[in-house]
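Hi,

Here is the structure I promised to pass on. Have a look at it first, and then read on for what turned up when I went through it.

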Amino acid sequence: MENREFEENKIEGRNAVLEAFRAGRSVDKLFVLDGNQDGPVRTIIREAKKRDTIINYVARERLDQISETGKHQGVIAYAASYAYSSVEAMLELAKEKGEPPFLILLDNIEDPHNLGAIIRTANLAGAHGVIIPKRRAVGLTATVAKTSAGALNYTPVAKVTNLSAEIDQLKKEGLWFVCADMGGESMYDLDLKGPIGLVIGSEGEGVSRLVREKCDFVASIPMKGDIDSLNASVAAGILAFEIVRQRG
């Protein structure tokens with residue numbers, strides 16, 4: 001697969017931000033000075049809405065705080081360090097390889113190190129892609145790219161508006177879903193073969209109720225220690241490789 005890396009993550013100033021949108025850059029978030037109704041700013045907001053970018057209206061102090069140049073002109077955008085793929089491309093990749101689809105879906109993962117590590121695991125486990133939601137989730141930042149240790153060049157990542165709706169859509173494609181949760185059945189007692197979506201939540205909150213209800217099975221990882229939860233990327237790794245073992 002081609003190298004999909006882009007350059008700088010943070011874009012400041014009206015012209016630079018507008019150019020990023022018009023050049024087709026993947027912009028994860030846009031910060032705009034609250035109450036600013038200038039023509040150029042309205043144009044930027046219109047471009048952002050067209051692409052369903054998350055827009056945060058903030059005070060000047062907040063913009064000054066995150067600005068690196070001191071010349072933000074009331075707008076700062078965070079562009080993805082890598083280009084996003086599509087869920088359709090992931091299914092096509094599985095078809096090309098002659099394999100049942102294996103996707104990893106992430107709910108509430110906001111730590112870039114966790115996301116990077118999970119993308120690396122996805123690559124090593126032969127998953128066909130990683131799906132993240134647009135809200136309450138970290139995007140493809142430079143830290144994610146670095147933590148993935150090159151895996152982002154080979155593992156597609158798609159961003160979707162609604163994880164629950166995406167699960168419904170993928171069920172129509174023949175996938176079934178298992179999510180990781182302490183209260184589930186032991187992963188060793190589940191049949192994890194065939195077209196599968198593995199759903200991982202954050203260490204603190206886990207998988208959200210709505211997403212969990214969409215899953216066909218809930219898998220727990222047998223543990224013997226004195227603490228009650230695993231880091232999200234570790235849990236993803238253990239379950240992903242149990243899927244690999246069963247598929248083996």
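This is a predicted model: local features need pLDDT of at least 70, side-chain atom pairs count only at pLDDT 80 or more; totals for chains, interfaces and linings use all residues.

Let me start with asparagine 231, which touches Asn114 and Glu203 once residues up to four places away in sequence are left out. Asparagine 231 and glutamate 203 sit 28 residues apart in sequence, yet their C-alpha atoms are 5.6 Å apart in space. You'll find asparagine 231 in the loop between strand E10 (217-220) and H9. Buried or exposed, or something in between, for asparagine 231? Its relative accessibility is 27%, so asparagine 231 counts as partly exposed.

The mean pLDDT of the protein is 90, and 95% of its residues reach 70 or more. Going by elements, confidence is highest in strand E5 (residues 102-107), with a mean of 97, and lowest in helix H6 (residues 142-147), with a mean of 87.

**H5 and H9**

Helix H9 (residues 232-247) packs with H5 at an angle of about 10°, and the two axes are 9 Å apart. With an angle like that, H5 is roughly parallel to H9. Which residues of H5 and H9 meet? From H5 there are Asn114, Ala117, Ile118, Thr121 and Leu124, and from H9 there are Ala232, Ser233, Ala236, Gly237, Ala240 and Phe241. Sorted by class, this contact has seven nonpolar residues, four polar ones and no charged ones.

Apart from neighbours within four places in sequence, threonine 121 is in contact with Ala236, Gly237, Ala240 and Phe241.

**H1 and H2**

Helix H1 (residues 14-22) and helix H2 (residues 39-50) have axes that come within 10 Å and cross at roughly 25°. An angle under 35 degrees counts as roughly parallel, so that is the label for H1 and H2. Their crossing is left-handed. On the H1 side, the contact is made by Arg14, Val17, Leu18, Phe21 and Arg22. On the H2 side, the residues are Pro40, Val41, Thr43, Ile44, Glu47 and Ala48. What is the make-up of the contact of H1 with H2, by class? Seven of its residues are nonpolar, one is polar and three are charged.

**Two buried residues**

Isoleucine 200 belongs to strand E9 (residues 196-201). Its relative accessible area is 1%, so isoleucine 200 is buried. Leaving out neighbours within four places in sequence, isoleucine 200 is in contact with Leu105, Leu106, Asp107, Ile109, Ala180, Val207, Ala232, Ala235, Ala236 and Leu239. Isoleucine 200 and isoleucine 104 are 96 residues apart along the chain, but 7.5 Å separates their C-alpha atoms.

Leucine 175 lies in the loop between helix H7 (163-172) and strand E8 (176-186). Buried or exposed, then, for leucine 175? Leucine 175 is buried, because its relative accessible area is 4% and buried means under 20%. Not counting residues up to four places away in sequence, leucine 175 touches Leu91, Pro101, Leu103, Leu170, Pro195, Ile196 and Gly197.

Finally, a couple of positive phi values. Aspartate 52 is not a glycine, but its phi is positive, at about 60°. Aspartate 52 lies in the loop between H2 and strand E3 (54-58). With a relative accessibility of 39%, aspartate 52 counts as partly exposed. Alanine 149 also has a positive phi, near 55°, in a residue other than glycine. Look for alanine 149 in the loop between H6 and strand E7 (157-160).

Cheers

How values were computed. Residues are numbered from 1 along each chain as its sequence is written. Side-chain values use heavy atoms; hydrogens and water are left out. pLDDT is the predictor's confidence in each residue, from 0 to 100. Helices (H or I, at least four residues) and strands (E, at least two) are DSSP runs, numbered from the N terminus. Axes are lines fitted to C-alpha atoms, for helices over the stretch in contact, and angles run from 0 to 180 degrees between N-to-C directions. Angles under 35 degrees count as roughly parallel, over 145 as roughly antiparallel, 65 to 115 as roughly perpendicular and the rest as oblique. A crossing is left-handed if the near helix is turned anticlockwise from the far one by less than a right angle, and right-handed if clockwise. Contact means heavy atoms within 4.5 Å. Ala, Val, Leu, Ile, Met, Phe, Trp, Tyr, Cys and Pro count as nonpolar, Asp, Glu, Lys and Arg as charged, and the others, Gly among them, as polar. Buried means under 20% relative accessible area, exposed over 50%, partly exposed in between (1.4 Å probe, protein chains only).
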